[in-house]
Each structure stands twice: as structure tokens, then as C-alpha cells.
Amino acid sequence: MKAAAELVRGLAVLSERPRREDSPIATALELPVPESLEAWQAAHTATFLQQCPPYASIYLGEAGALGGPVRDRVAGLWRALGLRAPGEPDHLATLLALYAGVLEQAGADDRWQHLRRVVLWEHLLPWLPPFLERVEAVGEGPYPEWSRMLQRLLRAEAEATGIPPELPLHLRALEAPSPGGWDGDVDAVLGPLLAPARSGVILPPADLRRLARDTGLGMRMGDRRLMLRSLLEQDATAVSGWIAGAALCRCERLRVEERWLGAVARHWRDRAAATACWLAPGEVPDAMAENG
Amino acid sequence: MNSRSWIERLGGRISALRRETESRGETFYQGASRIHLAGFPPRERWDDWVAIDPSASRHGRDPQRHYALVPTTCFNCESACGLLAWVDKETLSVRKFEGNPEHPGSRGRNCAKGPATVTQLTDPDRILHPLKRVGERGSGRWRQVSWDEALDDLAGRIRRALDEGRRREIMYHVGRPGEDGFTERVLAAWGVDGHNSHTNICSSGGRAGYHYWMGYDRPSADFANARVILLVSSHLEAGHYFNPHAQRIMEARKAGAKVIVLDVRMSNSATHADHWVAPYPGSEAAIFLAIARHLVHTGRYNRSFVERWWNWREWLRSLEPDTEPDFERFEEHLKRTWAGFTFEFAARESGIDAAQIEELAETVAGAGSALSTHNWRSAAAGNLGGWQVSRTLFLLNALLGAVGTPGGVFPNGWNKFVPRPPKAPPHPDWWNELTYPQEYPLGMNEMSFLLPYFLREGRGRLDVYFTRVYNPVWTNPGGFTWIDALTDESLVGLHVALTPTWNETAYFADYVLPMGISSERHDLHSYETHDGQWIGFRQPVLRAARERAGETVADTREVNPGEVWEENEFWLDLTWRIDPDGERGIREFAESRERPGERIGVDEYYGEIFARSVPGLPGAAEGEGLSPLQYMRRYGAFEVARGVGPVHESAVDESELEDLAVTPDGRVYTAAAPVRGANAVPTPAPEPDAQGRRPVGVEVEGRILRGFPTPSGRLEFWSSTLAQWGWPEYALPTYIHSHIHPSRMAGDEMPLISTFRLPVHIHTRSANAKWLNEIAHTNPLWIHPRDAARLHIGGGQLVRVETAIGYFVARAWVTEGIRPGVLGCSHHMGRWHVQGGPGGGQIDRAVTLRESDGRRGLTPAQSSPESPADGDRARIWWTDVGVHQNLTFAVHPDPVSGQHCWHQAVRVRPAEAGDAHGDVWVDTTAADRVYREWLAMTRPARQVSPDGTRRPRWLLRPLKPTAEAYRLPPEETP
């Protein structure tokens, strides 16, 4: 457990803005660090500030936004431990640092072991596998490899602790997906699509650019909401079909992950399938639609 | 390889790195620390940050705009929060200001005044060129002159004064400096003791209370870690360093801290408090003493801290000279001394229920050593004896041992870093009686607001008088006296106003010289915002942006609008011209070391400071491949230290201990030469012993510890200084009846509180920020409904407020947000310019100055503000710009601290027919009478000095003259 704690801590350090003194850590982990600090920092900015902001509340919240009940629940964990919640308790680095601390003690007694399961299954695994999958896909510099390493570590931890019977509270608390199909109302689709835990899909700006390229549509600069709105307004059918296809690809991968991720993987798969079914019912195999 | 062996391998490597880091005494990783404020553009992108211009599509432009993000420091108040200027790389203009996330004090956050800076840059009415008056002073006519003409004229005049032995005729009068000591050194280079600050109308009272306790004259509360926060005034929304403090107070609240606010108004601070207490003004010290008594009588104070760090032995020796001091005996005396300060006594004085005061006492008692308290102006600046408010407030910290502790209060000198300049001139060898007159030997700072009286009494004259971003006509009490002095050329030969914008004082100048604001000037500063040390660098952002683009800028005027300059280059140039051939020994302080014979430039000046005088900065810069100056130009701030901790408990280094002498009370003196540390923060210098050894620390339990820079080396519960300099009755923290104590007022008088700020404004400095003016632009008279009903005053009605020397006409605001029996009127509003003269703005209206029957008056010539000449003219929807109440206030110098005691005893009644909003009338004869009454309360140095000097030499003082200059001159025989 101590080695895992050290590794988690090392990965936490590297999830923050790079400094020159972080270089030995990256080297120790055999990560491909750019030669210049500026290039490394630029890769970090591109990955975590521009593509995949590393906050649990964005990926688990009803609104897909920072803060809110998800952050409150994470802060509640700190308070339950008698600790002062940090300013951004749901930031990936904060959570990993906490998990490292817990792992360090996890051999001590059952309470620490319980806490290890709580942090892992309630606050890390509900969002990190799909998040890290996108970091791996769209991240720059050392971060795709960093992501693969963290995914591998999380899987080892999940297997070591065993799949709990119940869905984590963050995911249980989400509203059920809307029944029926999408009627073409752009405003109605933006909210759910940009809330990953509701839609089952994560759409970083790089994916939206790929969507525009694949569908031959024009791309407007702006936040994700503006970009997606602009695409839908140009060709709703093409865009919804592309997203439905992406959701189905996610389903395939999640089917594999269910073996070690259990109900969490089923949640994300069901939501992705429901989204695909909602946006483009004709594209979804019947068996999958029923699941949704 | 099993499924976890790779974890063992990689984890082992991280473990080795961690051990290596920890073996150096460093923390490997204490948790996420670089994740906050991630919404800011990351600093590695500050050279070229791309943002979308939302209006571009309307104009068919490329929506992507490229910005150079350049840090600077806000100039609107003294907090010195970091700003990040967004410089459009295409137009090289500043598009907006946001917070600088790299600034350790403000941490990327700003109040409204920071972003509003951009409206001050583009103010169409700002002064862009040097101007010289035409015709009579105050006639309002000007002509544009070149900088060379102005500088040569000034330099020649100053040179003549120096050559003719009239150096006492040169004076520099400053508001909030926003800079650590640059101009003081310029004056010292000239050999002039002519520094005059606004401090005695601001914080002298607050400072005095702290100074006598701990040597340093400012508190530095570690708000973020406090369990209980006790604020006197609306500090949370508008106090000194309020933005850096407020964000830390809110952090503490989130962690469960209790906040107590004493304020007669339901201010924004009061609304955030767990305990809002609105005592009768001036009774605050009575409440604190009752809390102190409770802590002592219930044994809830930190006995070991008091025994260790208070100078209780000195007090006992003064009471019982023949008895060896004993701590239990001290405790008995303490209880006896404060026996009368019961909750019931405090309740009678303050009008607050005794049970509520007891509840406060219990809350304070629960703070332990995590009590953060703060008082700066407010009650300390409002009342006769107000300096005892901060003194009795700090008493609570001293009782609980909440000094230099997490969540406690630190002396400001520990949390401030002032780098040593390349070359420091010697101290003046003479004494300026106009700023430090003999009547006020303990006056904390210059008696600046009495200057026109002193000039008129023939105590001196001024040949060259600089007002620097300061507006005494409007800000100081008794503005008509200032107008009289400034228009009398026999008293003030030449008045030079250094200012970015027109103001009431500049109108009476001979030269008006345009100075830059926050993004147009260099300054270096450091303030006590938390338990740490940092420096902030204000810089002309367009200069920095051009230099990033590879250009060379030698003079800030090249990038500033019009001919707006910055002060540092101005002072260096003026110094050079005063002594063009170096014969007077002045020029050397403005001379380049790199290029002897040439004037030093700001790059060399600051480059040398950053390279040589800031520990850690060269290394940090090198780590990024930058020079120290480039580092500061890039990031705008540097954190010198974090978590300074209890300096008083640190052991004095052996190298400083030589031929020691230790007093019976443990004060340790050394013959070793002083150590010239990196930090040049102003620090009191207690007197040496009879053999000339300097005080170096105190002996505590066999160890020599650093202690505090007070005469005793400990916290001075009993001040030998006050006892020896004529005020033995105030030597202990005590309660002084204010001049507005009910026993001193007529039955129909009420106290008027004028000291509070409007949260988005800052005295005169923000008057040309149109965004701020739209938010706040008037100052109605706060009056409680009960008082309004009694006086037959309705909401919005015009009222006459009569002071001891005149009256002003204001609009009533009937509100339950003020304590019954007390009136309030913020001093931020009522700006004016003389009709037909320059000036004008969104909160400024034209007036006529009048004189009739020995009375002086100010009458609005317009009912609404003049609008600026820009596109927003039609958007000014307000007409009420408030009233200039300070004109009707007589001077009230506290006889001990010298602080002007702002609170007024007034009568209020409905306005008379013919009264107009903003009308002011003053009887200047009555103003003279009040001045003399307060002057008569003093105990001059000639009568009380125990050693023939003018002032205790250990007390802080700008430009501290030589020891010889401290000696009182021979008494003149009639």
C-alpha cells in the first residue's frame, strides 16, 4: 500500500501546474516530459485548462458545472474526517493527495481500509475512468501516458478492494434520463449533453472540433456550450448522429470495464446508450436501446 | 510481473525522491497548492493570451484578440492588490484589468476599485500635460508648459533655498504613499526634513495604541487561522488592506470562526458578523476593558504568556520601588486597577446590554491564542483619546497570548519586507518644527492638518510646497484655512500639485504636474496582509509590454498618455537638476553606478534592488531563465517568506552577543555592532544603555530572545514613555472620555460619525472612475427613525447639520441601520470645483466660494454634476453628488497621539428656506478658537521632556533626524 501511496502522490504532483522541480518525478515515472518547462506547462494548460478541467463536480454534477452538490459532498468527506475542506475539494490533485494519505495508513486498521474504499469508490472511480479516457485521447505532452498510468493504478486499486454492491451516491443522486426522443430543440439538448454523468459522454473542445471536421460544419470559437450550439444550429441531424455514434463507442468500451468497475460502468454505459437512443434512435441496436 | 509489482517499482522511485527532498528539510508534497484560481490565464501564456472579442462579429473583425498580460499594482488604495493588465498587442492599449493570481497578498482577487482602473486611464478629463498658472493663484487659468521648463524652475528654486540655508522651506505633503520610502530618500538626499504625511488625519490614533504596546505601529492579523475575529469598524468591506484581509476573514468564517464587529452602522461588515455591536461612539475602550477584566477575574487569560512577555516588572517597580517584583503581586494589582471596569460600567458607557458584553467576553475567551483583532481608523481616529481604543483592543491579544501565533496578531514589521535601496542618504541633521512642533512630543506622525495655522502664526513659511496625490483642501478639516494659506504667497511661495486628476487643492497650485496611476508608474511596496512577507512591483504596463516585444523604453513618458510621467523618474530628474555638477553632494544619490556621470534609470535602480536585496528572488528568477528585474516585470510580486511565526521567541545569534549588560528586568544590551539584515522595514530603535550598548533582546528563562522593539524589549502593558513624557495617567491601557462623550455635549447635540468609507471609493483618488461613481456618488445623512421623528425630519428632506464652526446642508436618509442618537455621513463625497475653473466629473459639481460677514461659504452653482466629455455623458442619471462636510469641521488634535479626532458634536434640524443641498458656511473665527482650545490641552516637550529632547527617540518617525537634532533648542528669553 505504501508504494501505491507514493505513486498516487507522484501522479498528484504531476496533475498540477508543472514546475522545474517536478521533472525528476516525471522521469522516475518514465513519462515523456518535454524538454522545456514552457512546453511542459503549455501541454498541461492545453490538457487540463482547455480540454479536460479536472473537477469531479463537472463530470458528476447535474449541471456539468463547477461546484454544487457534488463539491459539497466531497467537502463533507473532509469535514467527516475532522479536517478543514480545501477551497476546491473536488479537484483531481486534491482528491489524489487525500487518497495517497489514506493509502499510507490503510494497513493500520479496518477504519482506514474502509476510508480507502470510500474515497476510491465514492469519489474517484465514479468519474475518473471516463475522464481519464478522454485525457488519454485529447491530452498533450506527457498527459496521455500519465492518464494511462493512473487508469491502471485505479484498476489495481479497484480489484484490490472489490466492487461494492451499491452505486456511488454521486451517481445515485442524478435524475433519470428523459424518456422519448429529441425533438430538435437545441436548448433542450445542450444541458444534458454537457453534463457527462447525465449523458454518459464527455465532449471536450477537441472532440467538438473533430465533430465539425467530420461533419464539414463551421466551428465557432467560444465555450463548449457556444460551440455545440453553433454546430447543432447548422445541422442538427448530422451533429446528433455523430454524438450518438460517439456514445455508442463509449458503450462498447464500458462493457469491458464493467468487469472491474461494476455498477459504475453500467451507469455510464446506460447513460451513453440512452443519449444515443434519444438523439438518433435509428442508429441504436434494439438490445442497447432497451438497456437505456 | 504480478498486477501490483509495477506499482512497487514506480512507487519505490517516488519514495526515494521524497526521502531525498525531506532530507533537505523540505516538504515533498503537502497537498494540492497550484490548482486554485485556475480560471486565470496560466502564467506561461502571459506573453500571448488569446481571447475572444465579443463585439468583433458585429464589426466583421477577427474575433481572436492577442493580449500581453502584464502585472502591476492597484493605486486606488493602500492595499496594493495585484492587477493584471490586458494589453492588446495590436493596438498596444490596456483593454481591461483583472487580478494577478501570482500576488501573495491579494491572490488574484480585487475589489471594484481594481478593474475600474481602466476608466481612470481613459478619463477624458485627466491632466495630460504640465500646467503653470496664469494670473492670480486660484484664478483658474493655466498654460501648458514643457517638463523642462517646470523642472528647471523647480530645481532652481530649491537649489537657491538650499544654498541660502532655507531648507526648512521645502515640504512634500503626501497622501497614501503606495511606495516604501523612495521619496523619503529623495528628501534625505536634499538634506530636507520636509516629509509631511496625511497620517494624523488617518491612522495616528490607531498606530499609537499599537506602538506603545509592541514597538511596531501596525497590527498584522492572521485572520485566516483565527477562531475569533474582532473588528472595530467596517473593516471587512472598506478597511485598510481590506481586500487581502476580507478574503482571509471569509476563509476563517468558512472554517467556523466567529466574527465580532463594533460599528454604529449596519455596514456590510456588520451584516457578516456573528455579533454586531453598535456602541455609543468613543465607548469602545470601556467594552474592551470590561472584557479584559472578565478574562483576568475568571482566570481565562494566558498566564504564562503574560508572565513571560509583559513588562509587568517595570510597572511594579514604578508602583513599589523598594519591593522585588512578584507576578502574583502583579496580578493583585491588575485586578485592583481594573476593578471598576465591570460589564455594568461598560454597559452604561456604551449603551450595550451588559449581558451582551458578557457574551462577547465569553466569545473572546474561547479564542485562545487564535484571536485576530483589528482597528485602524474608525474609533481610534474619531475620538479624543481614541488611541486607547487600539491599545485596549490589543490588550485582549496580549492577555490571551494571541501575539505571533496562528490566528493571532503580529507586529507589522514581521510581515512586511522592505528591500534595501542601492544607496541610502544620511538622515537630516535638523528638526522641522512645522511638522513636529514642540506641543506634540508624542504625536505619532507629522501634525500636517495644523500646517496652515502654523504658517499663519509665523512659525515658518514654505518656498516650495509639493502636494502629491493629496488634496488637503477637501480631505482635511477646516478646508477654508487651507485655501487661505495656499492663496497667500507670503506663506507658500510656490505650490506644486503632483496629481493625475484635478482636485480642490490643485486648483490653488502654481504648477500642476500630471502623474501616472497604477499602470503608468513604478513603485515597490510590501504590506502586512497575513503571516508572510512579499514585495509587489507597480510598473508602467505599456512599457513592460513594449519591452517584451523587444523595444527599448528609456523614459516612461514615451508610453504614458500625453506627457503623463511617473514620480520616480521625476524625482530623480529633479534631484539631478538641483545639483547639476554634483558640488552639493546631492547628485550622487541620483547617479548611475553602471554609467557614472549619468542619471540612474528605473531599470538600473530596481534591477539592483531585486538582484541584491531580496532574498530568494535571484534564485527564483534564475530558475525561470530570467533576471530578477525581468522576473518582477513578468509576475509583479514575489513571496519572500511564508509563515514568519513568533519572532520574539527566536534566540539572538551568538555573533550579536558581546560585552553584555542585562538589567534586573532582563533587558539585554550588547556592544556588538548592529547586524544589517536584508529587511529594511521601519523598526523602532530603543535607546542604548549608559555605556552605549545597543538593546539586542531580553533574557527569558536563561535564554536571550529577540523580544519586541520597545524600551523594555517586552510587550509594554505599562508605558514608561507615556509615564515619563507627561502622561502618567495614561501609562496603562485605559478609557478616556471622548470629546463627544455625553457628559461633554449639550442636550440637543448628537455625535456625527464622518469616518466611514463607501466600499467602492477611496477618498479623493477614485473620483474619476466612472464605473465606481455610478455605484456610489452621494453621502446622505444617516439618521435613525426615532431621531428623525423627534426632529420632524422626513426621508430625503434637506437638513442643516450645525457643527461648532458652521453648518452644511445634506439630504436625510432615515434608516434603522444606524444606532439611535448617532448621525452618520461618509466623507467620500461632496467633490467640487470652482465655477469656470478646471475640473468636473461624474461626482463633482461647480461651486462658488463666498465670503460674507467674516464667514466663508461654498454654494453649489449647479444642481447636478458636470458630465465628462466622453460618450457616456447621457448616461449620468444622478444629480446628487453629496456635500463637502469636512469644511465645517474644526481641527481636533489629540494632545497625545496628535490624531485629528474626527467625530463632531452637531445639531441637526430641517433646512431653512433658501438652503440648497451642498451649501456650506463656516465661521473661521470660531475655527481659530477651537484650534486654540485643543492646542491648550497639550503638554509641550519643553514642560515634560525628561531629557531635554523633543521626542522619545525610539518612536518611529519618517526621515528620523540625527540625535543632535532631537535636542530642544535653547529657550528664547523675552
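**A helix and a sheet**

Modeller: Let's start with helix α5 of chain A, residues 68-80: it has 13 residues and reaches 18 Å from its first C-alpha to its last, close to the 18 Å expected at 1.5 Å a residue. Keep in mind that this is a predicted model.
Colleague: OK, which residues of α5(A) are buried?
Modeller: Val70(A), Arg71(A), Arg73(A) and Val74(A) are buried there. They cover an arc of only 160 degrees around the axis, so they sit on the same side of α5(A).
Colleague: Why would residues a few places apart point the same way?
Modeller: An α-helix has 3.6 residues a turn, so residues three or four places apart point the same way.
Colleague: And what covers the buried residues of α5(A)?
Modeller: The cover includes α4 (56-60), α7 (110-124) and α10 (169-172) of chain A. On the other side of α5(A), Arg79(A) and Ala80(A) are exposed.
Colleague: Switching to chain B: in what order do the four strands of the open sheet come?
Modeller: The order is β1-β2-β3-β4, with antiparallel pairing. β1 (49-52) and β4 (93-99) of chain B each have a single partner strand, so one side of each is left without a neighbour in the sheet. From one strand to the next, the twist averages 40 degrees.
Colleague: How many bridges join β3 to β4 in chain B?
Modeller: Six. In one of the pairs, Asp88(B) has Ser93(B) in β4(B) as its bridge partner.
Colleague: Which strands does helix α20 of chain B lie across?
Modeller: Helix α20 (residues 541-548) lies across β2 (64-73), β3 and β4 of chain B, and runs at about 125 degrees to β2(B).

Note on methods. Residues numbered from 1 in each chain as written. Chains lettered and ligands numbered in written order. Predicted model: local features only at pLDDT ≥ 70, side-chain atom pairs only at ≥ 80, totals over all residues. Pairing = 2+ DSSP bridges. Helix = DSSP H or I, 4+ residues; strand = E, 2+ residues; numbered from the N terminus. Axes fitted to C-alpha atoms, helices over the stretch in contact; angles between N-to-C directions. Contact = placed C-beta atoms within 7 Å. Expected span 1.5 Å × (residues − 1). Buried ≥ 20, exposed ≤ 12 C-beta atoms within 10 Å, placed from the backbone. Arc of directions from axis to C-beta.
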